[in-house]
Amino acid sequence: MRKGLIIALAVMAFVGTQVGIGFAMGIADTGPGCGLGKEVWKNDPHTDNIGKQMLISTTNNPIIPLQAFAITTGTLGCKNSGKVWVEERVNMFAFANFESLSQEMAQGQGEHLASLATLMGVLPEQHAAFFAMTQERYSSLIKTGEASPIAMVKAINDAIATHPVFAQASAR
Amino acid sequence: MNSKPYVFLARRLYIALLLFLLLFAPPSLAGAGGPPEHGYLVELIDKALQAKLASEREWHLLLHYRENIFGGHTSEQDDPGFFMSPAGKTDPQAELDATLKQFFSEELVGRSNQPAQCAFIARYHWLQERLQFDDSRLPKLACERFDRWFNDFEAHSITLIFPSAFLNNPASMFGHTFLRIDQKGQTEQTRILANTINFAAYVPPDAGIAYPIRGIFGGYSGYFSTYPYYLKVQEYRDIENRDIWEYRLNFTEHQVRRLLMHSWEMGNAAFDYFFFKENCSYHLLALLEYADPTLHLTDEFLVWTVPADTVRLIASKPGLVSGIAYRPSRSNVIRRKREALPVGERELAHRITQDLGELTSPAFAQLDLKKQAFLLDLASDYLRYRSETADSPPLEWKERNRAVLTARSQLRTPSEEFKVVPFAKQPELGHKTSRAAVGGGWRNNDTFEEVTVRAGYHDLLDPEVGYTPDAQIEIASVSLRHYNRMDQTRIERATLANVLSLSPIDSVFHAPSWKLNVGMETIKHNECQLCSNGVMNVGIGGAMESRLLKREILFAFGEAEANHSRAYEEQHRIGGGGTVGMLVDVTDQWKIMATGTYLKYGLGEQSDDVRWFVGSRYTVAQNWALRLEYNHRDHDNDVLFSLQAFF
């Protein structure tokens, strides 16, 4: 399934960039813009459907469609209008790492979870509390996340906002 | 050799010609931003010529020029948009002049569609530094896209990443390398958020059987890309189950910036991808060389660039590597966690993955909290491993994983850190890629001396340090042998490819073992005393691991074989049979392998074959080993003692 997901991400962005101007080399350049993220969130996709639609390749190293991440498309280099990009980055991360996140939330620690916390602006000294919180709310967060990882991010955000320890962080 | 007046005259002529071209060239050539300040351009070109910038190493690194065998230069770069001069691929001077000229223009160039100052920002910075551009006469353009891209890296340092070899995918047989751009403030826990710089061939999804051939002979184009590291970790660690080694490189922030500027230029580049030489590793070395031009890396690779060799090279440069980190594959995490458990608990963890009812069993309930957490974590690792390696995993595995994790979350305790000791040491500790051997021995009633050269890479009896365990890839090997009594020198053996992968099976891992061999050997058969015999052999089977001595692998293959030799009636025979064998680590230095094979040939010459092999290796040093090998076939006994050196 993971296979499907990675391919979905890569291919989606590929398909997205093709909508712009296609170049002879097959590498399209959309100029600045979050090539990948933009396409992923356009329709708030249901991951399984996309996984199926996009399963046209394998993930073997040289075979990954790399257009999405070609240096000219600028998966980095998104319009850095502050919060929008930050949110997109969190969503993209949660979408791509949902399985690892769900495992680590249950385990109350892990690098994916710590990275998610960092992306969400949780301070390092609050990570332990963040881990405990996502472990405690595991069932409900995963239920939300299976429908949409983005909704899960939002649920975690809401939880942060109402949690006494993080009140400061979310106010940043 | 070159008298000054001539050079002087040549330069004057050259400048006059340039002036002429600039004055009378159609306006479009001068770019969209209005005509450049001709006088200043000529001044700069003259200054660059005097300083001989076009023959400097940095210019050659920027343009990826290589010296031709018979003089002159050619760039390895294959996208015309990368050059500002039509002659740029082979003419460093013309390219430098054209680049300077293009810096006066805002015309969008290259695949990335930017003004030359931004598209080729490393060139701009280097020339600016060397020629001291006057900003009022050559206005500096803002490069917002680059700035945004660069800032997003939050670059602090560089790490070379080496996912180890993965035999079950031919493209990954030798491992892979890419760079991770480490972020400021990054911790061990957040390094997956860093971005990477990766070079890979673009292979269309429907490549089919042409893929390996085109991949080897440059039929595909390779591009640079920047994946988030977390996607790479997923690909290598979770899906392909490859260990990852991370080498933190000692680059200053200035060098990191240089590397990124040149990487940005590479967004305009395309290289013909050659699997064996101009591959992922090769072009990364070129980036590192530009970051620190005192490093000479690509020069070391003439014929092929094996990723592990590049790691060895970089690790051998004094002070270049400041730290090494290991990231185990999921399958190795599972193996080590299982090893850490007593048998009863190991089985309990496995039963949980099959029957959730075990979670309420007394056996589980009586365990302390930490142990319960450990078993559930292992069960979840295993269920994920199964789901992510299967082609179409049943939904129930995923659901069972959810249930295990829900139970795990209710324990309300964080998992303790579990340190995974690698099964294979890091690649730079391993032997080098090519091997030469000299030896001698007896065959039947004759004696012989023998020389062998093997291009690559590793066989089951070679010193195992630094290599994927139980995996063999031999490519291009030739043995020349002289028989003393018969006074005959002949090609005794030749191997095109001999690949073998042993995957020990236990209650958790079920991957098959397989082998493939294409080559020739010398046989004694029927009336022929020494006859060349072409061999093609494929087999599939299973392996088991035990720990009676240090470590033993027992294996069995079912196999098919085709032979071609004038020794056979009808010149050929085709048949099938099987092999059983074992591979034993006796000590860290000493390894033994023994196999027995029976094959019955039903097509062509009707015959059968019984073979025995016993081989023993003793490691003398990282790149030196001794071998004693015994080969038996019907009325044919061969004993070979040899000294092997890796280079």
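So, one definition before anything else: a residue is buried if 20 or more other C-beta atoms lie within 10 Å of its own, exposed if 12 or fewer, and partly exposed in between, with C-beta atoms placed from the backbone. Okay, housekeeping. This is a predicted model, where local features need pLDDT of at least 70, side-chain atom pairs count only at pLDDT 80 or more, and totals for chains, interfaces and linings use all residues. Residues are numbered from 1 along each chain as its sequence is written, while chains are lettered from A and ligands numbered from 1 in the order in which they are written.

Let's take the two chains in turn. Chain A has 10 helices and zero strands; helices here are DSSP runs of H or I with at least four residues, strands are runs of E with at least two, and both are numbered from the N terminus. Of the 172 residues in chain A, 51% are buried. Chain B has 647 residues, 42% of them buried, and its secondary structure comes to 17 helices and 23 strands. Its C-alpha trace spans about 85 × 80 × 45 Å along the principal axes.

Now, let's zoom in on α14 of chain B. That helix runs over residues 343–354, and its 12 residues reach 17 Å from first C-alpha to last, close to the 16 Å expected at 1.5 Å a residue (the expected span is 1.5 Å times one less than the number of residues). Which residues of α14(B) are buried? They're B:Leu348, B:Ala349, B:Ile352 and B:Thr353. They sit on the same side of α14(B), because they cover an arc of only 145° around the axis, taking directions from the helix axis to the C-beta atoms. On the face turned away from that side you'll find B:Val343, B:Gly344 and B:Gln354, which are exposed.

And what covers the buried residues? The cover includes α15 (362–365), α16 (369–389) and α17 (395–410) of chain B. Take B:Ala379: leaving aside neighbours within four places in sequence, B:Ala379 is in contact with B:Ala349, B:Ile352, B:Thr353 and B:Val404, contact being C-beta atoms, placed from the backbone, within 7 Å.

B:Ala379 also turns up in the largest nonpolar core, which has 142 residues; A:Ala94, B:Leu179, B:Leu287 and B:Ala379 touch the most other members. By nonpolar core I mean a set of buried Ala, Val, Leu, Ile, Met, Phe, Trp, Tyr and Cys residues joined through C-beta atoms within 7 Å. Apart from it lies another core, of eight residues, among them B:Leu460 and B:Phe555.

Methods. Contact = placed C-beta atoms within 7 Å.
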